[in-house]
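Walk through this model with the viewer open.

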Amino acid sequence: MASILTKRPKKAKLKKLKTLGQQLLSSRAHINNLPILLTFISPSPPPQYVLESLLSLQSFFTTVLPDLPPSSSSAKRQRVDDSAKEDPEFIYRTWLRSKFDEFITLLIEVLVSPNTEETLREIVLDSYMEFVKLGNGGRFHSAIYHKLLRNIVQSPTPVRFLSELLASNYFKYIDVRYFTFISLEKLAKTLDAEDINAMGGDGDSGSQSRESMELSIHKIHYIISHIPPLERIVGKSEYEMWSGSGFSSKEEHCKKEVSKLRKAEDKELKTEKQNVDMLSPATIAKKMKLKFTKAWISFLRLPIPIDVYKEVLATLHQEVIPHLSNPIILCDFLTRSYDIGGVVSVMALSSLFILMTQHGLEYPNFYEKLYALLTPSIFMAKHRAKFFQLLDSCLKSPLLPAYLAAAFAKKLSRLALSVPPSGALVIIALIHNLLRRHPSINCLVHLEDGDETPKDNSKAEESNKADDSGHGTDISRKRPGIDHFNNKESNPKKSNAMRSSLWEIDTLRHHYCPPVSRFVLSLENDLTVRSKTTEMDIKDFSSGSYATIFGDEIRRRVKQVPLAFYKATPTSLFPESEFCGWTFKYEESKENDSGNKEQSIANTSEENDVSIKRQRMECS
């Protein structure tokens, strides 16, 4: 036996391992085989050795586990008298408990090791979850399960495959989800406390701690985002549980007590009824919603990396808010996200809009922040389709003041000059809906300088006084083409949109893209007559691009097509009828060039002869 201990696991024979396992299961006399088999539960030995040791140890601990005392680290461990401590049976079971805890630690080491094969990892996880099911007297062993999740989250290496196995095989059970939420809440609070303590750290240690924390946050997000939400209770009387008794283990205990103690029959029946009520689908759903809320709130308080931040905001309004016990508690997180600006604000808009419209959230500066998001870059963003649909919904209320609707219409029309054709189509549809919903801003369709009030003229004079130095009063009243709209102003109330006009939309009549120039003609209708017009569905235009426009033009049926057809092959680039007195024939130009050359040569020869004669006369 001692010789086996000295051998390395790689050199051990599989047949000897089977013999050790059979001896351990047959009699207590071979209990010393237990530490030997434990040495093979490691990522380093060959997988067949690990598997053989695992099967023997799992069979052994499954039978003795209900009789073992609580773990030394468990808070439920009862005080034992000195006489009981000297009992050999108690010492034996305590020793077995320590070996079981060691066995659990070794299994976790195999699970999180990057050197473990995927097939072996899957088998080890199944064995581990069996102990989670049976390790607490037939009830769900939350301590062992929490230890597994803690090691997955705190592992220095990514364990994506293990997380995928856990999510695909065990998150369908209601008790596994329940205790997963509890464990993730504890882990998130621990990380939050570590982040506060590590804020004062500098140098390499601080950067390493931040990297490890970001990796842990990625793992928590993956686990919590892959837990399926609780199904709606429609004709469903019970949920599937991983542990056979699960939450209802007390019920079986009560039945046993009733049969043993006749005197306590009424009390036990009342307890049983309370347990049945506690395990009703409605009660389980309520408890699950509470744990779901606590886990997500604890996670959102962490310093989430920007990539995880965007993933959370992208799914928050669909996967999280409908299942929270009180969705309004997300208001601080969403308002902070909305104030960041850029893509983050666009992605936070969906959830914030749900809280405002369905849960009564008041956000005074909402439209100012929304107005600031209207930039050319938004028309190239990934989530622009959802943003434009929400923008249309936010501007749908007839209670919006005229200056606010005018500011959005003017801002959009100004953007139409610099955005791609697909963006121009969305802008035309949005302005169409704004003009139809708010008749008070239809004056922007055609507004000239002479239509301004004296009050507006006085403001224009003051704004142009510095530029015109004394003559600004007369010039500002008579100068045509002045647009009083301030495109750089972030506050829509101060943008002077009501003093401007939608002249940018008129320029789209001559847009180089035919769909834009055709679609802008829809604004020529009288949109104040609501019975004769309908609103544009922004969903039809929000996902447009160059590819979609090109595809629509290809599929479009054209009645008349211009053709380049000639009865005779042309001999010149332009016909003579278009340029009277001009000719572009190559042969004529060549003849003229040769004639000119001969004439120039003759003239030069005559000049040379005259010069030679003069020289002779002078010499004579």
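Helix α4 covers residues 47-64, 18 residues in total. Helices here are DSSP runs of H or I with at least four residues, strands are runs of E with at least two, and both are numbered from the N terminus. The expected span of a helix is 1.5 Å times one less than its number of residues. For α4 that gives 26 Å, and the end C-alpha atoms are 26 Å apart, so the two agree.

This is a predicted model, in which local features need pLDDT of at least 70 and side-chain atom pairs count only at pLDDT 80 or more, while totals for chains, interfaces and linings use all residues. Residues are numbered from 1 along each chain as its sequence is written, and side-chain values use heavy atoms, with hydrogens and water left out.

Which residues of α4 are buried? They include Tyr 49, Val 50, Leu 54, Leu 57, Phe 60, Phe 61 and Val 64. Buried means under 20% relative accessible area, exposed means over 50%, and partly exposed lies in between, with a 1.4 Å probe and protein chains only. The cover over these α4 residues includes α2 (14-26), α3 (33-38), α6 (88-112) and α7 (118-134).

Glu 52 also lies in helix α4. Glu 52 is buried yet has no salt bridge. A salt bridge needs a side-chain nitrogen of Lys or Arg within 4 Å of a carboxyl oxygen of Asp or Glu. The nearest side chain of opposite charge is Lys 18, 4.8 Å away. In this count Lys and Arg are positive, Asp and Glu are negative, and His and the chain ends are not counted. Leaving aside neighbours within four places in sequence, Glu 52 is in contact (heavy atoms within 4.5 Å) with Leu 14, Leu 17 and Lys 18.

Now turn to the charged pairs that do meet. The whole structure has 18 salt bridges. One of them joins Glu 102 and Lys 99 at 3.5 Å, N to O. Both sit in helix α6, three residues apart, so about one helical turn separates them. Glu 102 counts as partly exposed because its relative accessibility is 34%. Lys 99, at 16%, counts as buried.

The side chain of Arg 414 meets that of Asp 483 at 2.7 Å, N to O. This pair links distant parts of the chain: Arg 414 is in helix α20, and Asp 483 is in the loop between α23 and α24, 69 residues apart. Asp 483 has 25% relative accessibility and therefore counts as partly exposed. Arg 414 also bridges to Glu 504, at 2.8 Å, N to O. Here helix α20 is linked to helix α24, across 90 residues. Glu 504 is buried, at 0% relative accessibility. Elsewhere, salt bridges that share partners join Asp 392, Arg 436, Arg 437 and Glu 535 into one network.

Two loop residues come next. Asn 496 lies in the loop between α23 (472-478) and α24 (503-507). Its phi is near 60°, a positive value in a residue other than glycine. Asn 496 is partly exposed, at 33% relative accessibility. Met 536 is in the loop between α25 (514-519) and α26 (546-555). Is Met 536 buried or exposed? At 19% relative accessibility, Met 536 counts as buried. Met 536 and Ala 429 are 107 residues apart in sequence, but their C-alpha atoms are 5.8 Å apart. Beyond four places in sequence, Met 536 touches Ala 429, His 432, Asn 433, Phe 519, Ser 522 and Phe 541.

Step back to the protein chain. It has 27 helices and zero strands. Of its 620 residues, 41% are buried. Among contacts between residues at least 6 apart in sequence, 73% join residues at least 24 apart.

How far can the coordinates be read? The chain averages a pLDDT (the predictor's confidence in each residue, from 0 to 100) of 78, and 72% of the residues score at least 70. Confidence is highest in helix α20 (residues 402-415), at a mean of 94, and lowest in helix α12 (residues 249-260), at 40. Over residues 246-278 the pLDDT is below 50. Where pLDDT is low, the predicted coordinates should not be read in detail.
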